[in-house]
Amino acid sequence: MDLKDAEIARLKAENEALADELSQCQADKEFVWSLWKRLQVASPDITQAISQVIQREKEKAEMKDRKVLEILQTKDNRIHELEETIATQQRELNSIVQRKLSLDEEKGKLQADLKEVRDRNSFLESMLKTKERK
């Protein structure tokens, strides 16, 4: 099911991109058509036509800049999320390491106590055997 959802999401994104591209192409076509009609008059105002072309190019550049800024903002947000995740995981890891160190210390103490109890048990067993022989 995840593969199907991923494919649907990919197709939706592709569809949106194509719709945006179509919209941009239609706007470009309308601009070129309008410019062409203005240049078909007996004495076209070339300065105005050039100004319109420059303005159109500025608008296109601004749209591209906005898209780039949106992408960068999205990436910045994702980086921030990942940094927060890393910090949380680092704190958890530090806590686990501290717990392990505490448990290792406790294990060492318990092993020493066990050795002491075994030694005492051995000593008492040997004393008991000695008394039984007498």
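## A pair one turn apart

Glu81 and Arg78 sit three residues apart in helix 2, so about one helical turn separates them. Here a helix is a DSSP run of H or I with at least four residues, numbered from the N terminus. Glu81 forms a salt bridge with Arg78, and the closest N and O atoms are 3.3 Å apart. A salt bridge needs a side-chain nitrogen of Lys or Arg within 4 Å of a carboxyl oxygen of Asp or Glu. Side chains of opposite charge can pair when their charged atoms come close.

Glu81 is partly exposed, at 42% relative accessible area. Arg78 is partly exposed too, at 46%. The cut-offs are these: buried is under 20% relative accessible area, exposed is over 50%, and partly exposed lies in between (1.4 Å probe, protein chains only).

## About the model

This is a predicted model, in which local features need pLDDT of at least 70 and side-chain atom pairs count only at pLDDT 80 or more, while totals for chains, interfaces and linings use all residues. Residues are numbered from 1 along each chain as its sequence is written, and side-chain values use heavy atoms, with hydrogens and water left out.

## Other salt bridges

How many salt bridges does a search of the whole structure find? The search finds eight. One of them joins the side chains of Asp119 and Lys115, at 3.0 Å from N to O. Asp119 and Lys115 are four residues apart in helix 2, so about one helical turn lies between them. Asp119 is partly exposed at 42% relative accessibility. Lys115 counts as exposed, at 52%. Elsewhere, salt bridges that share partners join Glu7, Arg10 and Glu14 into one network.

Take Glu7 and Arg10 from that network. Their salt bridge has its closest N and O atoms 2.7 Å apart. Both residues belong to helix 1 (residues 2-39), and they are three residues apart, so about one helical turn separates them. Glu7 is partly exposed, with a relative accessible area of 35%. Arg10 is partly exposed, with 42%.

## A buried arginine

Is Arg56 buried or exposed? Arg56 is buried, with a relative accessible area of 14%. Arg56 is found in helix 2, which spans residues 46-133. Leaving out residues up to four places away in sequence, Arg56 touches Gln24, Ala27, Asp28 and Phe31. A contact means heavy atoms within 4.5 Å.

## A nonpolar patch

Which residues form a nonpolar patch on the surface? They are Leu39, Ile46, Ile50 and Ile54, with about 340 Å² of accessible area together. That area comes from the Shrake-Rupley method with a 1.4 Å probe, and for residues only the protein chains shown count as cover. Patch residues have over 30% relative accessible area and no salt bridge; like charges are joined within 9 Å, and nonpolar side chains (Val, Leu, Ile, Met, Phe, Trp, Tyr) within 5 Å.

Helix 2 gives the most to the nonpolar patch, with three residues. Ile50 is found in helix 2. Ile50 is partly exposed, at 46% relative accessible area.

## The largest pocket

The largest pocket has a volume of about 230 Å³. Its lining consists of Asp20, Glu21, Ser23, Gln24, Asp28, Glu57, Lys60, Met63, Lys64 and Lys67. Helix 1 and helix 2 are the elements that give two or more residues to this lining.

A pocket is found on a 1 Å grid over the protein atoms alone, as an open set of points where a 1.4 Å probe fits, with protein on both sides within 12 Å along at least five of seven lines. Lining residues have an atom within 4 Å of a point. Grid points are joined across faces, edges and corners, and the volume is the space filled by probe spheres set on the points.
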